[in-house]
Structures are given as C-alpha cells and as structure tokens.
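Hi,

Here is the structure I promised to pass on. Have a look at it first, and my notes follow below.

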Amino acid sequence: MAATADETRVVEGVKTQLFIAGEWRDASSGETLDVEDPATGETIATVADATNADADAALQAATDAFATWRNVAPRDRADILRRAYDLINERTDELALLMTLEMGKPVSESKAEITYANNFFRWYSEEAVRINGRFTINETGKGRVLTLKQPIGPCLFITPWNFPLAMGTRKIGPALAAGCTCVVKPAKQTPLSMLALAQILEEAGLPGGVLNVLTASSSGSLMQPLIEDERTRKMSFTGSTPVGKTLIKQSSEQVLKVSMELGGNAPFLVFEDADLDAAVEGALLAKMRNGGEACTSANRFHVHESVAEAFAEKLAAKIGALKVGRGTEDGIQVGPLIDEAQRSKVAELVDDAVGKGARVLTGGSRVDGAGYFYAPTVLADVPDDADLLKEEIFGPVAPITTFATDAEAIAQANDTEYGLVSYVFTQDVNRAFEVIEALETGMIGFNQGMVSNAGAPFGGVKQSGFGREGGPEGMDEYLETKYVAMNVGLPPTAL
Ligand code: NAP
C-alpha cells in the first residue's frame with residue numbers, strides 16, 4: 001500500500017539515529033532495525049540498532065549530565081518541560097499520525113494518548129518547584145529533624161509498545177522535574193514516537209545528556225550491563241510480568257531502586273443494582289480502549305446472574321458494531337494488533353474458551369487480509385477453567401461470567417496473581433465501599449471505565465508490580481530522602 005504524502009512527511013521528519021549526549025548518531029556497528037506498520041505488515045522506517053558500546057556511552061552521558069542538571073534551578077527545569085508540553089500540543093496531529101503508523105490504533109486514540117502523555121509534562125512542570133523536605137522538633141524536645149529531598153541520579157527507563165509516548169512521559173516528566181537524568185529504551189516495535197519526543201525535548205532546550213534514547217533489537221543483552229552498572233541509580237520498567245521478574249533479579253546485583261509497572265488481569269464487576277447502560281459504556285471503554293492492548297484493559301467481566309444476559313446482549317451489540325480497519329482511515333474505531341504473535345495468542349485464548357463451552361456473541365475470529373486484525377469479540381457463559389480468565393488477553397475480547405453473591409464476586413475478582421486495576425459498577429455506595437476495600441488491586445474505577453490521570457498514582461499490587469506513576473507519588477520515585485539529626489535548639493522545659 002502506497003504511503004500518503006502526510007504519512008511520508010511525518011515518518012521522514014523523525015531522526016532515526018540514537019540520541020546520546022545531545023547528539024544524533026548511528027549505531028557504532030552501523031546496524032539498523034525495521035519498524036513495521038501493523039495494519040499492513042510493511043516496513044515504514046529503519047532505526048539505529050544500538051550496541052553495548054552505545055549503551056555504555058548513553059549511561060556515561062546521563063552520568064555526566066546529572067552533575068549539572070541536578071543543580072539547575074527548579075524553575076528552569078519546569079520551564080523546559082512546559083515548553084515541551086506546548087510543542088507537543090502544537091504537533092499533536094503529526095505525532096498522532098506517526099503513532100498510528102507504528103502502533104496501529106486509530107488516530108483519534110493516538111491523539112487521546114498524546115493528550116494523556118503530555119499531561120505528565122504539564123503536571124510535573126508544576127511540581128518541579130514544589131519539592132519540599134521538612135523541619136520538625138524532636139519528640140524529646142531536644143534537637144531537630146531536618147529532611148532533604150534530592151534527585152536519585154541517572155535512571156534507566158524501559159517502555160512497551162502499547163502506549164509508545166505515555167509510558168515514556170510518565171517516567172521522563174517526574175524524573176526531569178526532580179533533577180534526574182535518563183537513558184530511555186523504547187520497545188523495538190514503536191521507537192519512532194520516543195525519537196520524536198527526544199527531538200521535541202531538545203528543541204525545548206533540554207541540555208545534552210539529560211535524556212538519551214537507545215533503540216535496539218536485542219534489549220536483554222543491551223540493558224543487563226546497564227542495570228548492573230553502579231552509575232545507574234534507578235530503573236523504571238513498564239512491560240510484562242515475566243520480563244519484570246528477570247529485571248528485578250538483575251537489579252538485585254547492586255540493590256538498585258526499581259519501579260515495576262507490569263501486567264494486569266482486570267476484573268470488571270457489574271452488580272444487580274448497577275445502571276446497566278452506564279456499565280456497558282464503561283465496559284466499552286475499559287475493554288476496547290487501545291483495542292484491548294492495555295494493562296488496564298478489562299480482562300474479564302463478572303456480572304450478577306440476574307442482569308448478565310441483558311448486559312451481554314447490550315455489550316455485544318456495541319462491540320459488534322465497532323468499525324475495524326487501518327487506524328489512519330476516518331471513522332475507524334479498532335485497529336490491528338501489534339504483530340502476528342499477539343494475534344495468534346488472542347486467537348488461541350478464544351479457541352480455548354470456546355472449546356470449553358463459551359458462547360460467541362460476536363466476533364471470535366481473525367479478520368482476513370493484510371495486517372494483524374482480530375474481530376472485536378464477546379463471549380458469554382465462559383467456564384471457570386478457560387485460560388483467558390487467568391491470562392492477560394491483550395486484545396479486543398470480552399469474556400463474561402456470572403456470580404450470585406457479593407462474596408462470590410469479590411472472590412472471583414481476586415482469584416489472580418495480578419493486582420493492577422478493577423472496575424466496580426453499583427449504585428449502592430455502602431456495597432461499593434465494602435467491595436472496594438476487599439479488592440486486591442492498586443487502582444479501582446468506581447462507576448467508570450478509565451482510571452488513567454496524570455494527577456493520580458497509577459500502579460499495581462501483587463504481580464502487577466510496585467511503585468507509582470502520576471501525582472506526588474510519581475515524583476517520590478525519583479527522590480531520595482536525606483535525614484539530618486540536628487543538635488540545635490533550646491533544651492526542653494521540664495514539666
Ligand atoms: P515486554 O515484552 O515485557 O517488553 C517491554 C519492554 O521491555 C520493551 O521495551 C522490550 O524490548 C523490553 N524487554 C524485553 N525483554 C527484556 C529484557 N530481557 N531486558 C530488558 N528489556 C527487555 O512487554 P510488551 O509486550 O512490550 O508490553 C505489554 C506488557 O506491558 C503487558 O503485560 C502489559 O500489561 C504491560 N504494561 C503494563 C503497564 C502498567 O503500567 N502496569 C502499562 C502498559 C503495559 P523489546 O521491544 O526489544 O522486546
């Protein structure tokens with residue numbers, strides 16, 4: 001399929017080299033790797049394939065830059081983030097087209113991601129000037145307690161392909177605001193959005209070396225030496241739980257401070273008193289945003305048996321009507337999956353559930369033709385032993401099961417090693433709080449199908465990871481607390 005003039009322009013506008021110490025350079029080996037459009041399977045760009053020597057240079061650049069960046073006035077750090085925010089806003093249309101070309105989601109969703117991603121730059125540009133320690137009187141009355149908040153140091157960021165920009169800005173925004181420097185490694189499927197972001201930060205006045213970007217085909221061998229290197233003081237990873245476990249083991253080598261934003265298996269609970277239309281709208285958002293390729297995606301729907309049939313019919317009607325196609329075309333609501341491996345995994349999970357007795361209300365198969373499309377799917381009567389209730393689906397598939405009591409709903413929701421997010425639909429506030437307090441997830445959408453918000457702490461419990469991104473908690477991830485025991489003050493007065 002021939003690229004349009006706009007598509008060619010946005011792709012050619014991206015610098016496809018490595019960004020190290022403020023310079024754009026080829027990989028030291030001269031090697032490159034291809035970036036593919038998942039809607040067509042065609043190569044749209046080639047980017048540099050970093051070597052270990054390049055990675056070492058990037059970490060050294062971040063280390064050198066930290067010595068000065070940590071002492072740059074907070075207002076100046078804030079102003080750079082704010083300028084980047086303004087530039088991203090001006091260029092939303094081209095960034096959205098670029099994102100759609102490498103990741104596949106509809107342009108309207110790419111725009112929504114860019115707004116969300118950019119909100120982290122705005123939020124943390126505002127927070128940069130509000131990094132506070134404290135000063136208190138010791139409980140004995142003698143001496144004083146002083147705490148300082150200081151930037152932790154050079155950071156490694158490893159990000160996934162499903163939100164190519166937002167998973168970066170959630171880390172870069174607070175890190176730069178705090179006075180940290182970083183080396184960022186985006187996913188090999190979607191490096192272009194991160195390279196475009198680096199160009200914007202450069203244009204916004206970010207000094208060389210504060211942010212370095214490595215694109216690479218072999219992330220494991222590239223990143224391990226950096227994770228085990230004492231120059232690195234913090235790692236933040238967003239990706240799958242199996243890779244997260246490997247990185248946690250590697251980080252133990254130097255007791256590295258880490259944040260882990262890992263996989264999810266979100267339950268979506270609909271109680272018998274819920275506003276069913278609102279629940280269906282929430283379900284549509286929680287399931288179909290990003291084509292189901294989101295860690296927050298509702299992975300399984302547990303619905304009270306008295307309303308399950310009505311909920312399933314309404315949801316199937318909405319999901320079955322979604323327009324599937326190349327995300328660059330007008331009116332498209334669901335794009336392709338990222339690659340054939342992901343599509344095969346989704347197909348296997350659906351086939352397993354159907355083989356065990358689930359009923360297909362809509363979809364249930366691949367879409368013929370070029371690209372990695374899978375039809376939006378709703379499955380009813382899904383049996384307890386279906387694999388897709390246990391595994392992260394990461395695709396446009398909504399399995400529905402039923403419960404009879406609140407206790408059963410909670411037990412079903414918590415029956416997973418994951419703990420990222422859950423969704424609760426009920427109009428009874430007392431019931432809502434009982435359920436919310438019993439759910440083992442880091443976040444809960446109460447009568448709403450989306451939780452992501454730059455001002456709120458995003459993150460999971462159990463095997464969904466630890467650490468938070470967004471809000472004041474997101475800034476704490478990049479700050480160390482130093483305590484000074486001060487032998488000052490008047491002696492206490494005796495009673
Ligand atoms: P992934 O396979 O774990 O990859 C994530 C990143 O890690 C990519 O940049 C990847 O590089 C890199 N990587 C893979 N193996 C590595 C290794 N041994 N050492 C160092 N880096 C390594 O995950 P994904 O398939 O891209 O993303 C989907 C997963 O991310 C899902 O499980 C989803 O739930 C999770 N996720 C979580 C959140 C959250 O906030 N909790 C948000 C979004 C996504 P390559 O591209 O080169 O393989």
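Between domain 1 and domain 2 there are two salt bridges, a salt bridge being a side-chain nitrogen of Lys or Arg within 4 Å of a carboxyl oxygen of Asp or Glu. Arg326 and Asp37 also form a salt bridge through their side chains, with N to O at 2.8 Å. Before I go on: this is a predicted model, so local features need pLDDT of at least 70 and side-chain atom pairs count only at pLDDT 80 or more, while totals for chains, interfaces and linings use all residues. Residues are numbered from 1 along each chain as its sequence is written, and side-chain values use heavy atoms, with hydrogens and water left out.

As for polar contacts, twelve residue pairs make one across the interface of domain 1 and domain 2, both residues being at pLDDT 80 or more. The rule asks for a pair of N or O atoms within 3.5 Å; within protein, one must be able to donate a hydrogen and the other to accept it, and residues adjacent in sequence count only if both atoms are side-chain atoms.

What supplies the side of domain 1 that touches domain 2? Strand 3 (32–37), helix 4 (92–103) and helix 5 (107–127) each give at least two residues, and helix 4 has the largest share, with five residues. (Helices, H or I with at least four residues, and strands, E with at least two, are DSSP runs numbered from the N terminus.)

Now the domains themselves. The assignment, which is an automatic or database one, gives domain 1 as 5–262 + 464–481 and domain 2 as 266–446. Their C-alpha centres lie 31 Å apart. The contact (heavy atoms within 4.5 Å) takes 26 residues from domain 1 and 28 residues from domain 2. About 2100 Å² is buried between the two domains, 54% of it from carbon and sulfur atoms; that is the accessible area (1.4 Å probe) that two parts lose on being put together, summed over both.

Looking at the whole structure, I get 26 salt bridges. One of these is Arg170 with Glu469, where the closest N and O atoms are 2.7 Å apart. That pair links distant parts of the chain, 299 residues apart: Arg170 sits in helix 6 (residues 166–178), and Glu469 in the loop between strand 19 (465–466) and helix 15 (471–476).

Cheers
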